[in-house]
Amino acid sequence: MALWISLLLLSGAACSARKPLTEMSDQELEELRAWPDLPYTPVEVGSELPQIPSDVPPARVDRPRELYVRTWAALQHLPHDQARTELTQALESRELAIAYSKDSPDAGGVVLREGRPLLVLNANVLADTKPYALVNVWTTLTHESEHLRQLRVATGPALEAFQYGELYPGERFTEEVCAALWRDERAAYRVECELSNTWSNSNQGFDQICRKLNDDPAYDQALLRLMVFAREDRNPECLSTWARLAGHPHPEAFGVFRPKR
Ligand SMILES: [Zn+2]
């Protein structure tokens, strides 16, 4: 998973009243989930904007061929050597296939389909024509290259996380799979942030997590906010596990699912 939407930041005072969680109002639950910003020393970032190559052609959102040509051209200019080399080799050797989605809230994802890694990219991210839209493609490709590395060595619950949607449609993750998802995202955002932080400005939403790269507690807090925002409706069963792994003072408050309105 890689997000391209802005982060929703929660704020509010801690709640001291402790009636059963299931009897709490939405607001009481929200207060228990609130978590004041942890201190951090901002990562030093680059002083320049990324250089956008002129030979990456535009693509229309409903034209897979154009999207692929743009993806490949963007990949050849990806300013992250390991991600560029590994993804290029994986595509050339046909270890990895690419598909495009218009409906996903994620910018990208790596899943197992029929035993083969599939890189799913958001067509809207590829087709975006804003001047620095290519930066989102680069950070997404870098993030997903880390997931490909994870998938290659995944076993047990970690492998199950990549199979979700194929083998377990509509089923819920176990705590072990939720924990594997957390570890994988934690590492993938770290690699993505290392690239993003080489520029003076990349994506203001990601600044919330990428500037905290050197302070684990603050980084984990930012990752939890991002994961809850992105996946609360999809994986409500994982929230309390993620909150516990992030070091939230009341992870149990995330065990009560209230659908977004
Ligand atoms: Zn991810």
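Modeller: A residue counts as buried if 20 or more other C-beta atoms lie within 10 Å of its own, as exposed if 12 or fewer do, and as partly exposed in between, with C-beta atoms placed from the backbone. By that rule, 36% of the 261 residues of this protein are buried. The structure is a predicted model, in which local features need pLDDT of at least 70, side-chain atom pairs count only at pLDDT 80 or more, and totals for chains, interfaces and linings use all residues. Residues are numbered from 1 along each chain as its sequence is written.

Biologist: How many helices and strands are in the protein?

Modeller: Helices (H or I, at least four residues) and strands (E, at least two) are DSSP runs, numbered from the N terminus. The protein has 10 helices and four strands. Along the sequence they follow the pattern β-α-α-α-β-β-β-α-α-α-α-α-α-α.

Biologist: Which contacts join residues at least 24 apart in sequence, and what share are they?

Modeller: Two residues are in contact if their C-beta atoms, placed from the backbone, lie within 7 Å. Among contacts between residues at least 6 apart in sequence, 61% join residues at least 24 apart.

Biologist: Now the strands. In what sense do E3 and E4 pair?

Modeller: Two strands pair if DSSP finds at least two bridges between them. Strand E3 (residues 106-113) and strand E4 (residues 116-122) have six bridges and run in the antiparallel sense. They form a hairpin with two residues between them. Within this pairing, glycine 109 has valine 120 of E4 as its bridge partner, and valine 110 stands opposite leucine 119 of E4.

Biologist: In what sense does E2 pair with E4?

Modeller: Strand E2 (residues 97-101) pairs with E4 in the parallel sense, over five bridges. Here isoleucine 98 has leucine 119 as its bridge partner in E4.

Biologist: Is valine 120 buried or exposed?

Modeller: Valine 120, in strand E4, is buried because it has 20 C-beta neighbours inside 10 Å. Leaving aside neighbours within four places in sequence, its contacts are Ala99, Ser101, Ser104, Gly108, Gly109 and Val111. The C-alpha atoms of valine 120 and alanine 99 are 4.8 Å apart, although 21 residues separate the two along the chain.

Biologist: What does helix H5 reach from its first C-alpha to its last?

Modeller: The expected span of a helix is 1.5 Å times one less than its number of residues. Helix H5 (residues 133-153) has 21 residues and reaches 32 Å, close to the expected 30 Å. H5 is mostly covered, with 16 of its 21 residues buried.

Biologist: At what angle do H5 and H7 pack?

Modeller: Axes are lines fitted to C-alpha atoms, for helices over the stretch in contact, and angles run from 0 to 180 degrees between N-to-C directions. H5 and helix H7 (residues 175-196) pack at about 145°, with their axes 8 Å apart. The contact includes Trp138, His143 and Gln150 of H5, and Ala187, Tyr189 and Leu195 of H7. By class it has six nonpolar, six polar and three charged residues; Ala, Val, Leu, Ile, Met, Phe, Trp, Tyr, Cys and Pro count as nonpolar, Asp, Glu, Lys and Arg as charged, and the others, Gly among them, as polar.

Biologist: Last, where is serine 240 found?

Modeller: Serine 240 is in helix H10 (residues 239-246). Serine 240 is buried because 20 other C-beta atoms lie within 10 Å. Not counting residues up to four places away in sequence, serine 240 touches Pro251, Glu252, Phe254 and Gly255. Between serine 240 and glutamate 175 there are 9.3 Å, C-alpha to C-alpha, and the two are 65 residues apart in sequence.
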